[in-house]
Amino acid sequence: MIIVLDNNHREDLQFLKNVSLDDFIRKGDNKKLYLGASKKLGVSPDIVENVVKGISHLFSECSRYMLNETDFVDSLSPLKFDQELTDYLKDMYFEQRKDVRNVLQELYPHLDHYNNLEWRLDVQVANRSLRGQTINPIYMIKLTTHNLQQELNHKNDEDSSSSSSSTSTSSKGEKVHYLQTDPNNLKHLCNELENALAEIRSNDCRRIMRNIKYHNITVTTTTTTTTTTTTTTTTTTVQVQHHHNQNNNMTTLKKSFIPVSADCHFPIQNLPYGIFSVAGSSPRVGVAIGDFVCDLSVLADAGVFNGPILGSTKVFHQDALNAFMELGRKAWTEARTTLINVLDSENATVRDNDELRKSAFHLRSSVTMHLPARIGDYTDFYASKEHATNVGIMFRGKENALMPNWLHVPIGYHGRSSSIVVSGTDLKRPCGQTKADDEPTPQYTTCKQLDFELEMAALVGTGNNLGEPITIDNAKNHIFGLVILNDWSARDIQKWEYVPLGPFLGKNFGSTISPWVVTTDALEPFAVASPVQEPTPLPYLKEKSDKNTFDINLSVAIQSPKMDAPKVISNTNLKYMYWTLNQQLAHHTVNGCNMRAGDMLGTGTISGATEDSYGSMLELCWKGTKTVPLGNGEERKFILDGDKVVMSGVCKGDGYNVGFGDCVGTILPAQIIKY
């Protein structure tokens, strides 16, 4: 989210260069302090007061939504502050925001929320004293509400009441209300609730929602009904709620009206983008939510995306994400904010529109997934120190495991984008030249040492002009999201050909990526520090942030034709990777190389320090000297025909996952041509 500040704030905040605001922020509105400060500084008290109120508004709004560094600086950019003042405000904000947020939470009204409703029908069926009288049934209603603040503050003792009371409070912040009513009043209550539901779909509410739904607010219609035995008064009010940035921790508490199981990779906190199609239709953009795909082209046609950037585009009708990614981070933020809003369990816009829901949601099991982007160029790096060390030991010995340049520069090579395929695509075993150590000449044959490489890949969202490098500080704003990458490798072909120019036919026969692109915004809550880099990188590669990679658990499994399910053979994590994605992109462009939307940067094999965290069969079988058990009596050194390789990645949140789904590929027999 970007906090909008007007010109008055600019004039007020410029004064911060000459005054310390800590005392004013902590002690609040104090005219005497304003007067005293104004005399010392030689300015009017109004200027001091305006400065304090301006900074208080800025900090309270930014703290309310827990803005990150990028969005905080973006909020100040329209005011054109110099770098010194921007840095001053930024440091002050991060020092104060936790305390400010705690105060705001204390001041927020903690109202009871609906929790559960139970009812019982009481009818007296036999009593002599009631002979000849009409017996009316009575409904007993048990309404349970929940107050989180009471639960957290443990104030339940003073709220408890005796067993004869109609309201009781539990130790968990729950209140139980007992009501009695007859069928006529119950019917009246039901009718009023139906009217409340209908109100949100009225023309007035729809018009309000269209007009002011965007600019970071959402309209919620609240119908208040007062009922007596003789009169009923119904009033409709509009409640405006500000929406936080998609990276706000509060999104972790949100739930979608689409059911999401506890182990699902695609809750509302994720919302990854992909390209899908259903029978008889063309591919278009969707997001994964629970077991469903939400068709963004349908939502766009329904006017859901009515913000300043996406309201007049057709990017979600395209068969690739390139056009959407090219719009840049502001468009990505606008789309994510909109989706979190409309998919929220408390938002009726899509939830209660049966026709829209029917056309917009498809079971993921019923759709066909396609490559998420048109990948123009593909570069694969060699960024894992553990992997590079292991391979170096195998082929050069422990003393020369790492090449002299490896700790100074992210090593990479240019891959083949035309053979990148989406998960679920079968690949044929490659053929090529190989030469055994004990043979005098090479031969043309099928690959005997077929391997996987467990990697991740970043999709470039916005590019750069030729000759204009992407700086390390700005690299993250150019990366749209990540996918899992299986960079299939023909080790015996690769061994013979890679000197002197590097990989060629041993790599370009196929690379598999997962279909869902998880955005860096969804991954931000899982940002962690990368490994310590020694020696210190050159200035153009030195990152300022201490959280520059992501805690993504990765696994790889093999399923042979004889197995009923895949067997996990390795578990690793992106956070082990030595060279970060930002460093890879900055180095790629430091010579002026121009990137384009859809370009893909592979990380290289991601291995950990232990044998069970190695990311390739080459390491797991240690160059063919060991076997890897599959658990059913079978074992492998390399991949055989019919083997299915399943890679997966997931971030573990507090009660939710942000995952990538699976990246799956099966190896078919080679197509051998006799020459």
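Modeller: Let's begin with a word we need throughout: a residue is buried when its relative accessible area is under 20%, exposed when over 50%, and partly exposed in between (1.4 Å probe, protein chains only). The model is predicted, so local features need pLDDT of at least 70 and side-chain atom pairs count only at pLDDT 80 or more, while totals for chains, interfaces and linings use all residues. Residues are numbered from 1 along each chain as its sequence is written, and side-chain values use heavy atoms, leaving out hydrogens and water.

Biologist: How many residues of strand 26 are buried?

Modeller: Helices (H or I, at least four residues) and strands (E, at least two) are DSSP runs, numbered from the N terminus. Strand 26 covers residues 553-559, and six of its seven residues are buried.

Biologist: Which strand does strand 26 join through six bridges?

Modeller: Two strands pair if DSSP finds at least two bridges between them. Strand 26 has six bridges to strand 27 (residues 567-573), and the two run antiparallel; here Ile 558 faces Lys 567. Strand 26 also pairs with strand 31 (residues 644-652), antiparallel over seven bridges, and there Gln 559 stands opposite Lys 644.

Biologist: What is the order of the five strands in the open sheet?

Modeller: The order is 10-9-8-7-11, with antiparallel pairing. Strand 10 (361-363) and strand 11 (368-370) are at the edges with a single partner strand each, so one side of each has no neighbour in the sheet. From one strand to the next, the twist averages 45° (axes are lines fitted to C-alpha atoms, and angles run from 0 to 180 degrees between N-to-C directions). Strand 7 (residues 273-277) pairs with strand 11 over three antiparallel bridges, and Ile 275 stands opposite His 370.

Biologist: Which residues of helix 3 are buried?

Modeller: In helix 3 (residues 31-41), they are Tyr 34, Ala 37 and Ser 38. These residues lie on the same side of helix 3 because they cover an arc of only 100° around the axis (using the directions from the helix axis to the C-beta atoms). On the face turned away from that buried side are the exposed residues Lys 32, Lys 39 and Lys 40. After helix 3 comes Gly 42, with a positive phi near 75°.

Biologist: Which residues does UniProt list for "binding site"?

Modeller: The unreviewed UniProt entry lists Asp 487, Lys 507 and Ser 511. They are spread over 25 residues of sequence yet cluster in space, with a largest C-alpha distance of 8.0 Å. UniProt positions use the numbering here, feature names are shortened, and annotations may be inferred rather than shown by experiment.

Biologist: Where is Asp 487, and is Asp 487 buried or exposed?

Modeller: Asp 487 sits in the loop between strand 20 (479-486) and strand 21 (489-490). Asp 487 is buried, because its relative accessible area is 0%. Contact means heavy atoms within 4.5 Å; beyond its neighbours within four places in sequence, Asp 487 contacts residues including Tyr 378, Lys 507 and Ser 511. A polar contact is a pair of N or O atoms within 3.5 Å; within protein, one must be able to donate a hydrogen and the other to accept it, and residues adjacent in sequence count only if both atoms are side-chain atoms. The side chains of Asp 487 and Tyr 378 make one (3.5 Å).

Biologist: Where is Ser 511 found?

Modeller: Ser 511 is in strand 22 (residues 511-513). With 1% relative accessibility, Ser 511 counts as buried. Among the residues Ser 511 touches, not counting those up to four places away in sequence, are Tyr 378 and Asp 487.
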